[in-house]
Amino acid sequence: MNVLILIAVALPVLGAVAVWLPSLRRAPLVAPLLTAVLVALAVAGLKLMPGGGETSTWWQVAPGLSIAFRADEAAWLFAMLAAALWVPATAYANSYMAHHRHKVRRFFTFFTLSLTATMGIALSANFFTLYLFYELLTFVTWPLVIHNETPDARRAGRVYLIYSLAGAAVVLAAMVATWWVAGTLDFTPGGLLAGASPAVIRLTVILLTLGFGVKAAVMPLHAWLPAAMVAPTPVSALLHAVAVVNAGCFGLLRTFYSVVGSAALEAAALSTSLLALASITIIIGSIFALRQDLLKRRLAYSTVSQLGYITLGVFSGSPGLLLGSLMHFVNHGLMKITLFFCAGAIITRTGIEHISKMEGIGRRMPWVMGAFTLAALGMVGIIPINGFQSKWFLFQGALTAGRPEVIVILLASALLNAFYFFPIIGAAFFKGEEKWQSEGLSSALIWTPVLTAALCIVFGLIPSLLHPLAAETVQSLIN
Amino acid sequence: MFNNLPVLIVVMLLISAFLAPLFVRRFRRATQVVAGVVTWTAAGLSAWLLARVVQAGPIRFAVGGWPAPWGIEVTATPLSAFVVTVATVIVAIVMLGLPREQRDWPSNRAGWYITLLLLLTAAMAGMTFANDLFNLYVFFEVTALSSWGIVAAKTDRSAADASFKYLMLGAIGSSFVLFAIGITYVVTGYLNMSFASAFIAAAQLHPIIPWVIATFFLVGLALKAGLFPMHIWLPDAHSAAPTSASALLSGVVVKVYAVAMAKVFYGLFGGASLEAMGISEMVRLAAVLSILAGSLFALVQTDIKRLLAYSTVAQIGYVFLGFGLGGTVGVAAALYHILAHGLMKASLFLASGKVIELRGSRNIKGFAGAGRLLPLPMAIFTLAALSMVGLPLLAGFTTKWYLFNAGLEARLYWVPVVVILSSLLNAAYFLPIVWRIWFGQGEAEGAADRRVPGLIPLAVLLVAVGLVPNPLLNLLQQAAAWLIS
Amino acid sequence: MAEKLLHNYPYLIAALIFAVGCYIVLSHTNLMRKIIGVNVMETAVFLFLVAAGNVRGGKPPIIDLANPDVAYVNPLPSALILTGIVVSVSVTALSLALVVRIHRQYGTIDADEIAAIRSAEDV
């Protein structure tokens with residue numbers, strides 16, 4: 001049993017319990033942060049330590065059903081992204097909850113438990129483990145969605161639960177199909193379904209797309225995501241821009257390439273229709289985003305649209321597009337968490353939630369809106385920021401894969417992104433009467449978005465940080 | 001020494017059943033304790049018997065020294081020993097709560113209630129061990145009579161009404177079963193299942209005859225087991241009964257009828273001809289209807305006990321589905337679910353009994369905020385509910401998984417679909433309650449007494465069979481292989 | 001075929017009475033009549049078994065060692081029916097007791113009226 005994996009997956013459970021320690025007054029604030037830091041260190045250590053890629057089996061439930069973990073390239077990429085972003089997100093949540101005092105302990109319990117579920121999904125070595133933690137993720141994030149307990153939140157919680165449970169049920173069906181055809185559930189490079197009949201492969205692929213597509217917000221399964229924006233902003237930031245939706249994308253990635261396998265995927269001949277699905281998600285998601293006045297809802301639809309980039313690469317089955325989509329997997333996480341952090345800071349400091357009321361906000365909160373602007377420019381794909389890179393590799397991939405239509409979609413989407421982000425930035429800085437002032441960097445509400453925005457630039461300026469990792473991952477998945 | 005163990009278990013329970021009312025007036029506490037000890041002893045003996053038959057093969061015992069087919073024969077196979085062990089263990093655990101439950105009862109009622117519980121246990125054991133159709137019928141009736149009595153144990157008027165409804169439909173069921181036994185006897189000349197089965201296998205019967213026998217048995221037993229659409233008595237009966245009785249009726253008794261069906265069908269016809277004659281198909285159809293309809297009815301209930309009772313209608317469908325699918329995997333899934341559901345449903349009934357006692361109402365609104373009042377019982381309720389939904393690592397998932405495998409092995413691809421759909425429906429009616437328990441706004445006072453005896457052992461067993469199902473399933477597959485051969 | 005059926009007329013009559021009993025239980029709302037219906041059903045099964053045990057021209061099964069070739073009536077079904085009657089009596093007794101209790105608690109023994117009272121209580 002690998003100790004680092006044990007820490008990554010099991011420590012957050014202890015952290016969640018520690019939130020309730022009565023003797024420590026600041027336990028609800030310290031325990032989650034400490035947990036997040038330790039988990040991030042453990043995940044980082046997995047790459048450095050030899051033998052991280054070996055499977056460690058924890059428990060054999062029944063023949064064929066075991067709980068096992070392995071930190072291979074794809075697993076590490078997702079685990080590292082989530083664990084690293086968990087640290088600023090927890091710091092941010094601490095400040096946020098200091099302003100919105102409502103059931104703080106409950107909030108941090110489930111916030112920390114979500115880390116276990118996410119790490120479990122990322123590091124799973126077989127389909128059963130993936131399914132277990134995918135199901136678990138729903139149950140531990142549900143209380144976060146309905147945290148405010150308003151009628152709206154309850155409604156959103158119900159929608160979230162219905163979508164997620166139905167999705168997990170479909171995943172279970174796919175798992176049963178896999179088990180029946182392959183006789184094993186262990187993730188294998190090259191997949192398990194290579195020898196199966198095209199009809200079975202097609203059925204499995206469709207089931208996987210529907211099942212993981214719920215959390216990856218593939219249209220038309222996206223409706224829960226904008227609704228879930230009633231959750232507190234740290235939850236929206238972390239879970240609905242990074243952990244939950246990326247868990248969906250990662251589930252697709254994992255099962256498409258380690259369960260179905262790229263050869264079988266080709267045999268199923270579904271990639272054109274799946275690409276169409278992703279393209280529709282990209283375009284319609286952006287169009288919906290245009291019409292939103294609530295900032296968080298606009299960001300949510302933007303997420304729907306941007307996740308389309310990631311699923312596009314996964315669906316295509318071509319190494320080039322997959323590389324781009326993996327880059328975007330990380331880059332989008334960084335940019336979107338920044339945007340949500342900014343939205344939350346604005347709501348906390350000024351109470352403004354609507355874009356139409358944000359005139360002059362940039363002069364009142366220059367740091368926050370500066371970070372927002374950077375991330376938004378990255379979303380559009382302007383050059384020094386990391387969003388440009390993912391798009392660049394997607395373009396290249398589209399050309400090598402012989403799918404020029406993807407380029408058209410990406411360009412159209414970039415334009416739409418500009419349409420829905422630039423007015424916010426314009427109004428924030430150039431309209432209204434406010435005087436320039438600084439909001440001060442002392443609160444985590446302010447410095448976390450600045451930090452993540454800085455990371456966006458770092459990743460944008462130094463492509464070699466991410467590109468080799470993504471290329472390695474593609475290699476491990478497709479060959 | 002071992003050969004008469006099955007009879008010993010039954011007789012011990014029978015005798016102590018009728019001793020209970022004699023002593024209850026003077027020594028109520030002692031009577032309750034002794035009843036518990038007797039049940040635990042029976043449980044221990046049947047576990048021992050189980051270990052024994054797994055090791056040394058089935059035991060046949062001719063009662064009174066009269067050999068079969070003339071005398072009454074009792075057989076202890078891995079299957080029957082397992083079912084009796086499960087039944088006695090759950091009864092024994094539930095009986096831990098008797099002193100608390102009977103606190104305000106008059107001695108008369110308390111004593112006879114213990115009689116009925118022990119009688120019920122004895123009859124279930126007898127029914128499971130019987131290898132003789134008529135003996136089966138007698139214990140079948142004793143089981144029924146004691147369950148009718150138990151349902152009527154409360155003094156409010158809905159109890160009498162529910163019990164009468166149960167009685168009427170149960171009596172129809174019994175008549176069907178007796179008729180089926182009569183036909184079997186007329187056709188084969190035997191009441192002993194082994195002999196009758198040999199006769200049926202050898203004689204070239206007109207295919208309609210086994211079919212009629214099976215149909216009569218199925219109607220009779222499905223009525224007793226509460227399979228849809230013959231479930232109409234079940235929600236009334238299971239909700240009107242005292243909490244411990246609800247737990248047992250839903251958790252154990254209905255399942256024993258399913259086992260009786262499996263024993264009779266496999267015992268008389270054998271797995272292959274069941275499939276050939278379309279009887280398995282019939283069982284599967286009834287099971288699927290029950291699974292879906294039970295869950296749909298449960299969705300609209302506002303009375304927690306009725307909700308749990310409808311959930312039983314759905315869950316008994318799983319057991320019938322497993323038996324209907326056949327094969328070692330299917331039968332093992334059914335047997336596993338008998339245990340798993342017994343533990344889950346008993347925990348759910350006991351935990352909600354506490355909430356009902358506290359709120360004075362059976363409406364599920366009463367669960368609001370119960371998590372703060374009764375943290376441990378409600379945590380166990382949540383655990384059992386999630387297990388019902390079929391979350392991996394919990395017992396409910398193992399059943400589902402084995403049903404999937406059995407369905408796919410039989411090339412019935414709709415089985416996973418139905419089972420998955422049913423777990424979604426389970427989620428739809430259990431999760432709102434779980435939400436109410438932990439996040440609902442409700443009165444947080446009362447609860448001087450937070451303990452629910454028996455709940456912790458049930459939960460421990462539930463977690464254990466969920467986490468470590470392997471040894472158990474190996475045993476059950478052995479039992480299943482024995483039933484099918 | 002028809003001749004065979006006629007020859008086995010007790011079985012047919014038993015099945016007929018069984019159906020009649022079942023009909024009575026299900027169609028009547030008066031609880032007493034339901035109980036009578038159950039008894040009719042059970043009696044039909046007893047008839048079926050007695051008929052099955054009968055051997056035409058058979059003698060009562062009291063073994064006469066001096067006369068070994070006599071055909072006896074099969075005694076087993078009769079023994080079974082004795083047990084069956086005991087069971088049926090106890091079921092009837094229990095149901096009558098319940099009817100008495102229902103009458104005391106509801107003031108009626110009509111299933112529809114009881115259902116009406118109960119639905120009125122629920123509201």
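Reader: What makes chain B a chain of domains, and where are their bounds?

Author: Chain B of this predicted model is divided into domain 1 (1–131) and domain 2 (132–484). The bounds come from an automatic or database domain assignment.

Reader: How far apart do the C-alpha centres of domain 1 and domain 2 of chain B lie?

Author: Those centres lie 20 Å apart. The contact takes 34 residues from domain 1 of chain B and 45 residues from domain 2 of chain B. Helix H3 (78–95), helix H4 (98–101) and helix H5 (107–129) of chain B each supply at least two residues of the domain 1 side.

Reader: Which classes make up the side of domain 1 of chain B that touches domain 2 of chain B?

Author: That side has 25 nonpolar, five polar and four charged residues.

Reader: What makes two residues count as in contact?

Author: Their C-beta atoms must lie within 7 Å. By that test, 27 residues of chain C are in contact with 22 residues of chain B. Helix H2 (9–27), helix H3 (31–53), helix H4 (75–106) and helix H5 (111–122) of chain C each give two or more residues to the chain C side. H4(C) gives the most, with 13 residues. By class, the chain C side divides into 18 nonpolar, five polar and four charged.

Reader: How do you know which pair of chains has the most contacts?

Author: Two pairs of chains touch, and the most contacts are between chains B and C. Chain A and chain C do not touch. Their nearest C-alpha atoms are 27 Å apart.

Reader: What share of the residues in chain A is buried?

Author: Buried residues make up 63% of the 479. The cut-off is 20 or more other C-beta atoms within 10 Å.

Reader: Which residues touch the most other members of the largest nonpolar core?

Author: The core has 439 residues. Among those that touch the most other members are Val39(A), Trp86(A) and Met261(B). Helix H3 (residues 73–99) of chain A gives the most to this core, with 19 residues. At least three residues come from each of domain 1 and domain 2 of chain B.

Reader: What is Val39(A) in contact with, beyond its neighbours within four places in sequence?

Author: Its contacts include Ala8(A), Trp86(A) and Met119(A).

Conventions:
Residues numbered from 1 in each chain as written. Chains lettered and ligands numbered in written order. Predicted model: local features only at pLDDT ≥ 70, side-chain atom pairs only at ≥ 80, totals over all residues. Helix = DSSP H or I, 4+ residues; strand = E, 2+ residues; numbered from the N terminus. Nonpolar A, V, L, I, M, F, W, Y, C, P; charged D, E, K, R; others polar. Buried ≥ 20, exposed ≤ 12 C-beta atoms within 10 Å, placed from the backbone. Core = buried A, V, L, I, M, F, W, Y, C linked by C-beta atoms within 7 Å.
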